[in-house]
Structures are given as C-alpha cells and as structure tokens.
Amino acid sequence: MIAVEEERLARLQRDHLLLCRALAMDDGGCLYLVDKEQLVDVTAEMAAAHGESPRGTRQGESDRMSRRRLRSVRDHVYEGRGTGGPRRFGWYGPDVATGRSTNTILDPRESVHLRSAIDMALAGTSWTAITDWLTEKSVPTVRGSRWTVATVQSMVTNPAVCGYRMVSGELARHRDSGRPVVGTWQTVATPEEWLRLVERCGRWHSPGGHRSTYKQDQSSRSIRPGAAERARKRIEAVDLGRKYLLSGFLLCGFPGEDGSKCGCKMGGQPARGTNKHPSYRCVAAKCRKVGRRTDLVDAHVAAVALGALEERYGDTEPDETAFPAEERLAELRAVQNPTEPTRMQLHDLEQDRADFHARQEDRNLLARFRRDRWAAFDIRQKRLVLAAVVQSVVIRPVPKNRTRNAPFDPDLIEVVLKAR
Ligand SMILES: [Zn+2]
C-alpha cells in the first residue's frame, strides 16, 4: 500500500493500527509513505500496540504521528485561527459562498441563548435548572439531541466563549509573553467571566492543565487498538449492573396545560420513606409528578413485549454465519514455534473471533423466540430483546380521584411497540 500523505491516511491512531494489522496479515503486505519517502514497519507498529517494544525504537512512530497532528492544530491556534472541528452552539457553521469558516461568526439567535446560559451560571443558577430552561424554551442543540447537564456545562465553560482555546488540556499561550492567545472569532464573554465559570465547573475545560480533562482521557484511551471492543465491553458491564429493567424506555405521561405530555425520562429509585417498593419516577426537576412500582410495571411491559417477540421472532432462524477469518486462524494455530508477529496476529484474531461470536449470540437471542426463555436471561439480555420490539413506555399519572393505595392499573401504562 502506498500512501501519498501520511496525515490523510488515517485520522485516528486506532485506524492507523488497524491498517497495520491488516497489512501484517499478508507476508508481502507493506506500507510506503510517499511524503516521507519511508517504508513503515507494520509489524513493529503492531508490536508497539501490544506494548511489546522494549527498545522503543519504533514505538516512537505512533507517538510521533499523534504529535504531528497536534502540532498542526497548534500552529492554527497560535495564529488565532479556528481549527475546524464540529460547529459549536452559538456560532455559525462554515459557508463556502462567503468563505466563512466554522465557529467564527456568532449566530444571533443561538448566541443570545448561550449568553443567557452564561449569565445564569455566573449568577449561581444550578446546572439542572439551566438545562431545564433550555429544554423548556425548545432551543435545539447542534446535533438535535436533548440538552443534558454535561452538554450545558461543557458549552458554558468552553474557553471559546472568550476567545481562548485549549490544546491537550492546556490554555494556548504566546511563546514569548506567556499570555493566552486570543482567537479571531467573535466571543460572548470576557476572559474574567470565563475564569469564574471554570472555577464553578472545571470538569470539562480546566485552564490550569493540572487536572486531566475529559477530552484528554478520551483521546488517550482511543489510541490503543481494541478500544472499540473494550468500550463495548464496558457498556455491556454497565448494562449488566443495571438495577432497573426499563430505565431508558420509560417516559413520563403527565399532561401539561396545552394537552402536551411531560415526555421526560423516568428513572428507577430504591424504596425509601413512605415508598415501600422501588419505583420508576419522572426525573425532570420541573415535574417529578409521576411514579409507579418497578415490579408491577416490569411485569406488565414484559407480558406485552413477550407476546410481540413471539409473534415477530417465533419463526426466525438464527444467524449461523461462521467467523470469516476461520481459515486464517487455523493456519496461524498450526504454526510450529510461532514467531512474535505470528503470536500477536493469533492473539488479535482470537479476540476478533470472540467478539464476532458475542455479537452473533446477542442477535440470536431473538431467533425462534419463545417466552419461556425470558426467565433465564440476565438483565442485559432482557433489555436487548425488549429493545427489538419496544419503542417506549408512557406512564400516565394516577387519576386524582383514586387513593394512593389504589390497585395497579395496567391501562395507565402505554407500551409503544416499534413499527415492524
Ligand atoms: Zn414528568
């Protein structure tokens, strides 16, 4: 494989390593970088990824690539230019016709909301209250998702609001004066205000650089290969550790004045005080008006879902596709006295195979579905199969004329099934 420009070959370190892995599979596979007039030692790259490069001679290769990418970001920063990246809430995106680059000119509508959120944060308003305010105003986020405390904190404390910028968790400063570089884009806050904001919440953007920021953690995590697989396992572990079957599925059905519904998520909470049973409750600070016993809701929703699962998946066949690299794996296993690269290839491929089968097994939970299998599922598996048929579950409030101890009424639970 010949790459004209190294920087364009793989944007992520992980992709670079996957490429090296793929090339190393073939005895004749190699990578030549034209801009460097350099042949890359793909096996050494793999070894570096395995953390088995004792002399560290080639291990620098990966670090060097990360550094180079960082340097090009830095050069932009010191010139006060933006560095591309996704559009930030409050600024316009790019416009080819006028030559406007992204995040330079304020969007008059969004920036007013951004500034109001900053004012509220400076005045000590809670992050939850600011989040609720943006939600109530129906202000759309950049990606169209819901506002969360995390997005609001990150947006409000982003150094870009005052023209500053951080690279690898450190404030970009002029080399000579040491003063922070001020970008050429339009801003909504002063540096003094920003400092007060990060003092209140340094979780996302910490100016001192002594705390590792969330972004830094993310990038260093994503460098190693297998990060995607590990991330998947982490998610699986989280799902397995869940206490409540339906969290994420439930929506609050409390009616508003205009006939709309609250629509906020409902989360599980343990028994406490006068509530003798664990319950699902609306999580919105402005509502919290609907709650219901978890065991009764779970049983009702499961009954509805199991019927749909049998009907839709009772006749489906399991996917029994074999792992596509089975042959290559057999070859590698048969090698006598394997060399180090062969050992690594074998290890990676065995892991791929395990991942392939884990995913296949998950998909096959639905095949020839029968309700008597349900009881043997763990909570992660239950949630997986539920997600195949259940879109959401709306819980309506108990009518006012009923007492607190009125029996559970399944008619108040609306299970919305996914379209087939
Ligand atoms: Zn609610």
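At what angle do helix H6 and helix H7 pack, and how far apart are their axes? Some notes on this and a few other spots follow.

1. Ground rules. This is a predicted model, where local features need pLDDT of at least 70, side-chain atom pairs count only at pLDDT 80 or more, and totals for chains, interfaces and linings use all residues. Residues are numbered from 1 along each chain as its sequence is written, and side-chain values use heavy atoms, with hydrogens and water left out.

2. H6 and H7. Helix H6 (residues 127-136) packs on helix H7 (residues 149-156) at about 100 degrees, with the axes 9 Å apart; axes are lines fitted to C-alpha atoms over the stretch in contact, and angles run from 0 to 180 degrees between N-to-C directions. That makes H6 roughly perpendicular to H7 (65 to 115 degrees; under 35 is roughly parallel, over 145 roughly antiparallel, the rest oblique).

3. Trp127, Thr128, Ile130, Thr131 and Leu134 of H6 meet Val149, Val152, Gln153, Met155 and Val156 of H7 (contact means heavy atoms within 4.5 Å).

4. H5 and H8. Helix H5 (residues 108-122) meets helix H8 (residues 191-200) at about 60 degrees, axes 10 Å apart, which makes H5 oblique to H8. On the H5 side sit Arg115, Ile118, Met120, Ala121 and Leu122, facing Glu193, Arg196, Leu197 and Arg200 of H8. By class that is 5 nonpolar, no polar and 4 charged residues.

5. H11 and H14. Helix H11 (residues 294-313) and helix H14 (residues 379-389) pack at about 70 degrees with axes 9 Å apart, so they are roughly perpendicular. Ala305, Ala308, Leu309, Arg312 and Tyr313 of H11 touch Val385, Leu386, Ala388 and Val389 of H14, giving 8 nonpolar, no polar and 1 charged.

6. The zinc site. Cys252, Cys262, Cys282 and Cys287 each give an SG donor, lying 2.3 Å from the zinc ion (donors are N, O and S atoms within 2.8 Å of the metal, or 3.2 Å for Na, K and Ca; water is not among the atoms, so sites may look incomplete). The sequence spacing is C-x9-C-x19-C-x4-C. Cys262, in the loop between strands S6 (250-252) and S7 (266-269), and Cys287, in the loop between S8 (279-282) and S9 (291-293), are 25 residues apart.

Terms used: Helices (H or I, at least four residues) and strands (E, at least two) are DSSP runs, numbered from the N terminus. Ala, Val, Leu, Ile, Met, Phe, Trp, Tyr, Cys and Pro count as nonpolar, Asp, Glu, Lys and Arg as charged, and the others, Gly among them, as polar.
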